[in-house]
Amino acid sequence: MSAAAPSLTHALPLPMLLPVAGEERMFPVRRVYCVGRNYADHALEMGGDPNREPPFFFQKNPDNLVPPPGDFPYPSQSADVHHEAELLVALKRGGTNIPAEEALDHIFGYAVAIDFTRRDRQAEAKKAGRPWEVAKAFEGSAPCSALMPAARIGHPAEAAIWLDVNGSRRQSGNISSMIWQVPEIVSALSGLFELAAGDVILTGTPAGVGPVVRGDRIECGIDGIGRRSLTVI
Ligand code: MN
């Protein structure tokens, strides 16, 4: 007999559950990692040097994810919230110091996600040398599509990634342009953190990021992986 379940001070919340395209089962999320400046054209538009600064990591909270069909609630205390369309990688297995050559074996599937960012708060944080949570890890800040299992589509290294606001194209790139490709990202992250099943990684955004306002209709996608539509509310 196992020990009795502990008595809890409050109800234990369910983990964030992401739908899997065309399946009944759900993917429970453990952690959300994000890569900064992983496309040279976006590093340039943010004032960086794509040849000198390697990509870097930050985190969001699992409950910041918004599976479809949820909308995006415009956050408090910002007047400059930007969209960043990104490839999301979902892990089925973890570890530390995973060699890049073995990284793809750890991946359950892929999705399209938006890394919404309070750009004004981020600029303040950068200037003051402060952390980024206020700019990045706020409520509803990571809408995503259903997961497309690698078992069905393999591991795409090339696919168009795009984002439209009110029907006009704002971001248009290809995941093949990432400075760090998916195997290198998983390998580098696993040298800093112990990865585990349920971890998801947002892999950075191509150029064209820009502000959204309440009422905007956003549609984004990665060809062959998924699409996501939402309204800024
Ligand atoms: Mn981003």
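Modeller: A definition is needed at the outset: Ala, Val, Leu, Ile, Met, Phe, Trp, Tyr, Cys and Pro count as nonpolar, Asp, Glu, Lys and Arg as charged, and the others, Gly among them, as polar. The model under discussion is a predicted one.

Biologist: How do the residues of the lining of the largest cavity divide into nonpolar, polar and charged?

Modeller: The largest cavity has a volume of about 120 Å³, and 17 residues line it. Among those nearest its centre are Arg37, Glu84 and Lys136, and Arg, Glu and Lys count as charged. The lining as a whole divides into five nonpolar, five polar and seven charged residues.

Biologist: Which element gives the largest share of the lining of the largest cavity?

Modeller: Strand S3 (32–36), strand S4 (56–60) and helix H2 (119–128) are the elements that give two or more residues to this lining. The largest share amounts to three residues, and the element that gives them is H2.

Biologist: How many residues apart in sequence are the parts that the pair Glu86 and Asp115 ties together?

Modeller: Glu86 belongs to strand S7 (residues 85–91), whereas Asp115 sits in the loop between strand S8 (107–114) and strand S9 (117–118). The pair therefore ties together parts whose separation in sequence is 29 residues.

Biologist: Is Glu86 buried or exposed?

Modeller: The cut-off for buried is under 20% relative accessible area. Glu86 has a relative accessibility of 1%, so Glu86 counts as buried.

Biologist: Within what arc do the buried residues of H5 fall, seen down its axis?

Modeller: In helix H5 (residues 182–192) the buried residues are Val182, Ile185, Val186, Leu189 and Ser190. They line one face of the helix, because their arc, seen down the axis of H5, is 125°.

Biologist: How far apart in space are Gly191 and Thr96, C-alpha to C-alpha?

Modeller: Gly191 is found in helix H5 and is partly exposed, with a relative accessible area of 47%. Gly191 and Thr96 are 95 residues apart in sequence, while their C-alpha to C-alpha distance is 5.8 Å.

Key. Residues numbered from 1 in each chain as written. Predicted model: local features only at pLDDT ≥ 70, side-chain atom pairs only at ≥ 80, totals over all residues. Heavy atoms only, no water. 1 Å grid on protein atoms, 1.4 Å probe; cavity = no way out; pocket = protein on both sides within 12 Å on 5 of 7 lines; lining within 4 Å. Points joined across faces, edges and corners; volume = space filled by probe spheres on them. Helix = DSSP H or I, 4+ residues; strand = E, 2+ residues; numbered from the N terminus. Buried < 20%, exposed > 50% of the residue type's maximum accessible area, 1.4 Å probe, protein only. Arc of directions from axis to C-beta.
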